[in-house]
Structures are given as C-alpha cells and as structure tokens.
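Reader: Please take me through the structure shown below, with the terms spelled out as they come up.

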Amino acid sequence: MEAMPCHNQRVGSAGASRQEQAAAEGGQDCPQRPLAGSGGVVSRQLRFADPGPGGETPSPDSSSSCCSGGGNGGCYCSGSNGRAPLDAAPLAAAAAAPQLKLLPMNDQIRELQTIIRDKTASRGDFVFSADRLIRLVVEEGLNQLPYTECTVTTPTGYKYEGVKFEKGNCGVSIMRSGEAMEQGLRDCCRSIRIGKILIQSDEETQRAKVYYAKFPPDIYRRKVLLMYPILSTGNTVIEAVKVLIEHGVQPNVIILLSLFSTPHGAKSIIQEFPEITILTTEVHPVAPTHFGQKYFGTD
C-alpha cells in the first residue's frame with residue numbers, strides 16, 4: 001500500500017509568503033521554518049530560551065509567547081520560574097521527524113493552547129477552545145487523505161475540474177479523552193464510520209492493557225484517523241496501533257490526530273511504527289494531561 005500524500009501546499013505557500021514579507025520588513029516573526037516533506041505543514045524546530053538574568057530559566061509548561069524570534073532561527077518557549085533548564089535535543093529530534101507534522105503556528109492556535117493550559121480557565125472556555133483546536137486538527141487531518149480528480153457541471157452549464165476524496169476512510173477514538181474529538185470529525189464528515197478502543201493501565205503491572213475494541217468490519221480496507229488528544233508517553237497509542245494491525249490495518253494508512261505531544265511520546269510512537277503519520281499542534285516536554293478530566297467535567 002502506498003503512503004498517503006499530503007495535499008496542503010496552499011497552507012505552506014501562504015506561510016512562506018508571510019515569512020518572506022516579515023523578513024523584508026524587518027519583522028520579528030520566526031525565521032525560516034522548514035516545511036515537512038512536499039506538503040505545507042510546518043515542521044518547527046522548538047528550542048528553549050537560555051537562562052535569563054539572575055540565573056532564571058524558562059518554565060517547561062510556559063504558555064506565553066512561543067516565538068520570541070531568537071537569532072538562531074527557531075521558536076522559543078519563553079517564561080521563567082526558576083526551574084532547571086531542559087535538554088532541547090529530544091525536542092528538536094522529535095520535531096524534525098518527517099512522520100511528525102505540526103499545524104503552522106499562528107496567534108489563534110497559540111491562544112487556544114494557552115486557554116487549554118490555563119488552570120484558571122472555566123470549563124466552558126476550556127471546552128469551547130478545545131473544540132476549536134480539535135476542528136483545526138481534524139481539518140488538517142482530512143487534508144492528508146488521498147483524493148481523485150473529477151469533473152462536475154456548474155448550474156450555468158460549465159465544466160469544472162475539481163477533486164473528491166477517495167472513499168474508505170474511518171475514525172477510531174481511544175476512549176475516553178479521544179471521544180472528545182469525535183464530534184469534530186463528524187462535523188467535517190457526516191457519514192464517517194467511527195470505531196472505539198478502550199485502553200487502561202493494569203493496576204498491578206502499570207502497563208497499558210486493551211479492554212475493548214470495536215471497529216467497522218472492513219476496517220482493513222480503510223484509511224484510519226486515530227484520535228487521541230494528548231500524547232504523553234505514547235504507550236496507549238502504541239497499544240491501539242497494535243490492535244489495529246491485528247485487524248489488518250497497515251501502519252502507513254494510519255493518521256494519528258492529537259492536540260499536544262511530548263517529544264518522548266512522539267519519538268516512542270515513531271520508533272515503534274516508522275510508517276505512521278502524527279499530526280499535532282505542539283511538541284512540548286509538558287503536556288496538559290488534565291485534558292480529559294476537564295473536558296468531561298470529572299476533575
């Protein structure tokens with residue numbers, strides 16, 4: 001089975017134009033972000049700021065400005081609270097992996113990330129912001145699916161050369177937090193089939209264990225959008241992918257949709273399944289692991 005193409009050149013082209021314009025005007029936007037593969041999803045190299053005056057170091061969970069425009073050509077997570085500096089090598093390595101695709105960063109996405117990370121945010125604001133961020137990730141995930149060219153006739157009788165997505169796609173949510181992403185997928189694909197996997201940590205061994213799995217009977221023929229918002233260790237997703245493989249799904253047709261990922265989580269998944277595609281909005285050493293509890297009101 002061939003790998004699925006990435007059809008989002010317009011996003012990358014627009015981002016490149018903004019970068020060139022900012023550079024020409026002497027702006028302070030993040031310089032020269034490389035593009036991942038032939039598509040337009042930006043693969044950003046994330047770094048941490050050096051310790052500031054007085055030996056203060058940036059917070060690993062800072063939600064302040066992502067792009068402070070350092071001279072080394074990368075994005076920096078700024079802020080300070082006296083914590084020890086973090087090693088940027090795993091972060092850069094994870095962000096540079098071609099299988100890992102990041103949504104192009106902008107102020108809208110950064111604001112949504114900030115609200116989700118803010119412990120003082122109300123549950124209403126949290127859910128509203130999470131749903132918006134989920135929709136952006138789902139839209140870009142659909143943009144990774146293969147399509148075929150087609151010709152339609154307009155109401156005025158003209159022929160229009162367009163495209164349509166190939167049939168045979170489905171979603172799979174990892175319960176429970178993954179279910180938060182189901183409505184966003186249904187909003188974009190009204191009749192899409194959605195399967196579910198329940199994975200929990202064993203009380204004795206603390207290892208991820210599959211308790212329940214239900215998929216469309218022909219899932220082995222489909223491209224799978226695997227939904228799990230927070231990639232912390234990656235163990236849960238690895239077990240879920242193993243279950244999908246047992247049902248005949250090839251890793252190269254799996255697109256993992258997530259909101260936040262740690263470098264360790266992304267690296268673990270990619271090492272286990274090099275052909276899988278991971279789509280997320282941020283790679284950061286500290287993920288908002290309270291997501292599921294706050295979204296469903298169980299915190």
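Reader: Which is Thr262, buried or exposed?

Author: The relative accessible area of Thr262 is 5%. Buried means under 20% relative accessible area, exposed over 50% and partly exposed in between, with a 1.4 Å probe and protein chains only. Thr262 therefore counts as buried.

Reader: What kind of model is this, and which atoms do the side-chain values use?

Author: This is a predicted model, in which local features need pLDDT of at least 70, side-chain atom pairs count only at pLDDT 80 or more, and totals for chains, interfaces and linings use all residues.

Reader: Where is the place of Thr262, and with which residues is it in contact?

Author: Helices (H or I, at least four residues) and strands (E, at least two) are DSSP runs, numbered from the N terminus. Thr262 has its place in the loop between S12 and H7. Contact means heavy atoms within 4.5 Å. Leaving aside neighbours within four places in sequence, the contacts of Thr262 are Leu231, Ser232, Val283, His284, Pro285 and Ala287.

Reader: Which residues does Ser261 touch?

Author: Ser261 is found in strand S12 (residues 260-261). Ser261 is buried, with a relative accessible area of 1%. Not counting residues up to four places away in sequence, Ser261 touches Leu231, Ala266, Thr280, Glu282, Val283 and His284.

Reader: How far apart in space are Leu259 and Leu102, C-alpha to C-alpha?

Author: Leu259 lies in the loop between S11 and S12 and is buried, with a relative accessible area of 0%. Residues in contact with Leu259, leaving aside neighbours within four places in sequence, include Leu133, Ile134 and Val137, as well as Tyr228, Pro229 and Phe291. Leu259 and Leu102 are 157 residues apart in sequence, and their C-alpha to C-alpha distance is 9.7 Å.

Reader: What separates the C-alpha atoms of Ile255 and Lys223?

Author: The place of Ile255 is in strand S11 (residues 254-257). Ile255 counts as buried at 1% relative accessibility. Ile255 and Lys223 are 32 residues apart along the chain, and their C-alpha atoms are separated by 8.0 Å.

Reader: Which residues does Ile245 touch?

Author: Ile245 is found in helix H6 and counts as partly exposed at 34% relative accessibility. The C-alpha atoms of Ile245 and Tyr220, 25 residues apart along the chain, are separated by 8.4 Å. Not counting residues up to four places away in sequence, Ile245 touches Pro251 and Phe273.

Reader: At what angle do H6 and H7 pack, and what is the hand of the crossing?

Author: Axes are lines fitted to C-alpha atoms, for helices over the stretch in contact, and angles run from 0 to 180 degrees between N-to-C directions. Helix H6 (residues 235-246) and helix H7 (residues 263-272) have axes 9 Å apart and pack at about 25°, which makes H6 roughly parallel to H7. Angles under 35 degrees count as roughly parallel, over 145 as roughly antiparallel, 65 to 115 as roughly perpendicular and the rest as oblique. A crossing is left-handed if the near helix is turned anticlockwise from the far one by less than a right angle, and right-handed if clockwise; at about 25°, the crossing of H6 and H7 is right-handed.

Reader: How many nonpolar, polar and charged residues has the contact of H6 with H7?

Author: Val237, Ile238 and Lys242 in H6 meet Ser268, Ile269 and Glu272 in H7. Ala, Val, Leu, Ile, Met, Phe, Trp, Tyr, Cys and Pro count as nonpolar, Asp, Glu, Lys and Arg as charged, and the others, Gly among them, as polar. By class, the contact of H6 with H7 has three nonpolar, one polar and two charged residues.

Reader: What is the hand of the crossing of H3 and H4?

Author: Helix H3 (residues 107-117) and helix H4 (residues 123-142) pack at an angle of about 140°, with axes 9 Å apart. That makes H3 oblique to H4. The crossing of H3 and H4 is left-handed.

Reader: Which peptide bond is cis?

Author: Most peptide bonds are trans. Arg176 is found in the loop between strand S6 (169-175) and helix H5 (182-188). The cis bond has omega near 10° and runs from Met175 to Arg176.

Reader: How many helices and strands has the protein chain?

Author: Buried residues make up 48% of the 299 residues in the protein chain. The protein chain has eight helices and 13 strands.

Key:
Residues numbered from 1 in each chain as written. Heavy atoms only, no water.
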